[in-house]
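The sequence and structure are shown first.

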Amino acid sequence: MNVIKKTITLPDGREITIETGKLAKQADGAVEVRMGNTMLLATVVSAKEAGEGVDFMPLQVEYKEKFSAAGRFPGGFLKREGRASDYEILTARLVDRVLRPLFPDNYHADTFVNITMYSADGVDAPDCLAGLAASAAIAVSDIPFNGPISEVRVARVDGQFVIDPTFEQLQKADMELMVGATYDNIMMVEGEMNEVSEADLLAALRAAHDAIKEQCKVQMELAEAVGAVKREYCHETNDEDLRADVREKCYDRAYAIAKQGCADKHWRQESFDAICKEYIESLPEEERDEKTPLVKRYYHDVEKEAMRRCVLDEGIRLDGRKTTEIRPIWCETDYLPGPHGSAVFTRGETQSLSTVTLGTKLDEKILDDVLNKGTERFLLHYNFPPFSTGEAKAQRGVGRREIGHGNLAHRALKRMFPDDFPYVCRVVSDILESNGSSSMATVCAGTLALLDAGVKMKRPVSGIAMGLISDGKNYAILSDILGDEDHLGDMDFKVTGTREGITATQMDIKCDGLSYEILEKALMQARDGRLHILDIIEQTIPAPREDYKPHVPRIVTMLIPKELIGAVIGPGGKIIQGIQEESGATVSIDEIPEGGYIEVAGINKDSIDKALAMINAIVELPEEGKVYDGTVRSIMDFGAFVEFMPHRDGLLHISEIAWERLENMEASGLKEGDKVQVKLIEIDKKTGKYRLSMRALTPKPEGYVEPQRAPRGDRPRRDGDRPRGERAPRGDRGPRQPKKD
């Protein structure tokens, strides 16, 4: 067994180890990566031949966390891992976005990368090791790859950048980014920030890239130690004469269409497609079937070059805009009467209809991932139906792309969500049209809908997608890119933020050698576009609604002592359920360090007030000397027990019912269920028992003298009493029982 191990030392002294040669040796490449007690196993397998007719890179990346890694059972009836969680999908997407552009353009074999977390200590985040593990597995394999790459998380904690911070450090960070890069170039960025400046973002990228360079070096050493030799392959058969002919006959016509600057996406696409179709029809009939796939591939390159040269040489974009120009925007709030907040945001041919729903604690999202348990009060969901791009196909379940785009918009808005907001909030963005950056339209529409719902956001947020066209010497940065500019360009750089700074970003780079100078210029150009969109948002709705809409449930919160939580809930939840049934309000209670946090929600004020009164009656502490309205619960020979507060009974002794002496309880006239007014005259501090009085609430009769109680030993004896100290006759006590051995 040829086991090879390499070590990476992080700036703070923690170590990451990469080991190969022990596990999963039948895969093309396999490594285990450890940091502390967290361990990932990454494997990669690639088919030897490409599938028939495949002219793209069929890569699939899966990330999976085992519950046993943290010593836990999965939830549900089956008690086994099921479909991937959102967290696992987002982690897999981060790895995929860095790996995919670095496979050779002519490599088309099915390739599967699997990353599994087998051990976790809850200290170090495993997702920041996934990219390193995947790249190292490819590095020790024979699969061709223009890497290695690595991914790190960089966070700013107490003003200092930390690489791959612990979970505890992340809680204190005001910015955190996941950065993927090769030794030479940054390829992917995604993260969220608390309104940071463009300069701070660039500084974080530099810190991350410095750490990635060291990790790439170690992978190169690992591959050399293994002796990895990349396989030979032939997945494309090209016809260079045909390629040249397609360019000669189609380039000028494609350039002319690109130069027209028409804003209609469908007209452009039909015009470009017509050029390719005419060329195919010009081929001899006996050659068409064989050459059509090659013609389409070569024509795609022609179309891409025409669009790019038109931008670089003449400054003309596909829809005729200048490089810094934002498409026309119109937006409207309060668009739908039913939701608690709604808005439409339309920018060019991209449109989002967003709604806001406000709910109670019972509507919280429950998180039950391997390392992440808890609840979430601010939710954002993104939907992308096929009709938004004119596709004729059925709408299926939520895909990875929708989860990724929704997560970006969620991160953009969540830090501007009010900290003490009593409601659970769900934003839903339905994309009705799409031609470029529907996730940024979601951010803008989400802001409008939140303001329409009366959510007191810290500041409104807008977002913009930036593009790049570069030929290695010249470049053009494009604001508010179209779908085609994303597809045919070199960069997709999304930036969201307020007037104070950046709240989230996502970047995918498809070219080599993107300098920090270009990144800085793109960020500043994005800031100008962001502020332009914010102006329009603030013109549409200058501030949040002063009050919620009439059909929004009202919520009142209160804090009670921790020891009274059980009294409010009751055995088996009986008390709190009774409060809800009687009042019509929704009541939830949570234990927090300060005590019991109660939320009372209802559509009308009366139901809330009634529930609050019932809760206050339970949590109110009895006070000596206070008068209460009570109910007689039981009659005893010596008095009555009266419930003077919910679930609190006190003794009303026979001597405290009236000033005159009562011979028995029948003389009092009290019956079970009677309503009486009593005064709490004593709380026994040792036993916690309560003494009540009715006579204390009536005037003392004139000349009344309190009877003196004789000491217990001097009390007169009644007829039939046995002399003190005399035992009952044996016969009255039954026969003596024999002692047991």
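## Basis of the model

The model is predicted: local features need pLDDT of at least 70, side-chain atom pairs count only at pLDDT 80 or more, and totals for chains, interfaces and linings use all residues. Residues are numbered from 1 along each chain as its sequence is written, and side-chain values use heavy atoms, with hydrogens and water left out.

## Overall chain

The chain contains 15 helices and 29 strands; these are DSSP runs numbered from the N terminus, with helices being H or I of at least four residues and strands E of at least two. Its radius of gyration is 37 Å, well over the 27 Å that the globule rule gives for 741 residues, so the chain is more spread out than a compact globule. The radius is taken over C-alpha atoms, and the rule is 2.2 Å times the number of residues to the power 0.38. Along the principal axes, the C-alpha atoms fill a box of roughly 130 × 75 × 50 Å.

Of the 741 residues, 50% are buried, where buried means under 20% relative accessible area, exposed over 50% and partly exposed in between (1.4 Å probe, protein chains only). The chain exposes about 36800 Å², and carbon and sulfur atoms supply 49% of that area, as computed by the Shrake-Rupley method with a 1.4 Å probe. Among contacts (heavy atoms within 4.5 Å) with a separation of 6 or more, 69% are between residues 24 or more positions apart.

## The eight-stranded sheet

An open sheet with antiparallel pairing has the strand order β8-β7-β9-β10-β21-β20-β18-β19; strands pair if DSSP finds at least two bridges between them. Strands β8 (160-163) and β19 (475-479) stand at the edges with a single partner each, so one side of each has no neighbour in the sheet. The twist from one strand to the next averages 15°.

Within the sheet, β9 and β10 form a hairpin with three residues between them. Seven bridges join these two strands, and A181 stands opposite I186 in β10. On to β21, β10 is joined by six bridges, with M507 as the bridge partner of V189. Ten of the eleven residues of β10 are buried, so this strand is largely enclosed by the rest of the structure.

Helix α8 (residues 400-414) lies across β9, β10, β20 and β21, and runs at about 150° to β21. Axes are lines fitted to C-alpha atoms, for helices over the stretch in contact, and angles run from 0 to 180 degrees between N-to-C directions.

## A buried loop residue

Is T166 buried or exposed? At 13% relative accessibility, T166 counts as buried. T166 lies in the loop between β8 and α3 (167-171). Leaving aside residues up to four places away in sequence, T166 touches R14, V123 and D124.

## Nonpolar cores

In soluble globular proteins, nonpolar side chains tend to be buried together. A nonpolar core is a set of buried Ala, Val, Leu, Ile, Met, Phe, Trp, Tyr and Cys residues joined through side-chain atoms within 4.5 Å. The largest has 158 residues, of which L99, I115 and L177 touch the most other members. Beyond residues up to four places away in sequence, L99 touches L59, V61, V113, A134, I138, F145 and I149. A second, separate core of 19 residues includes I560, V587, I618 and V619.
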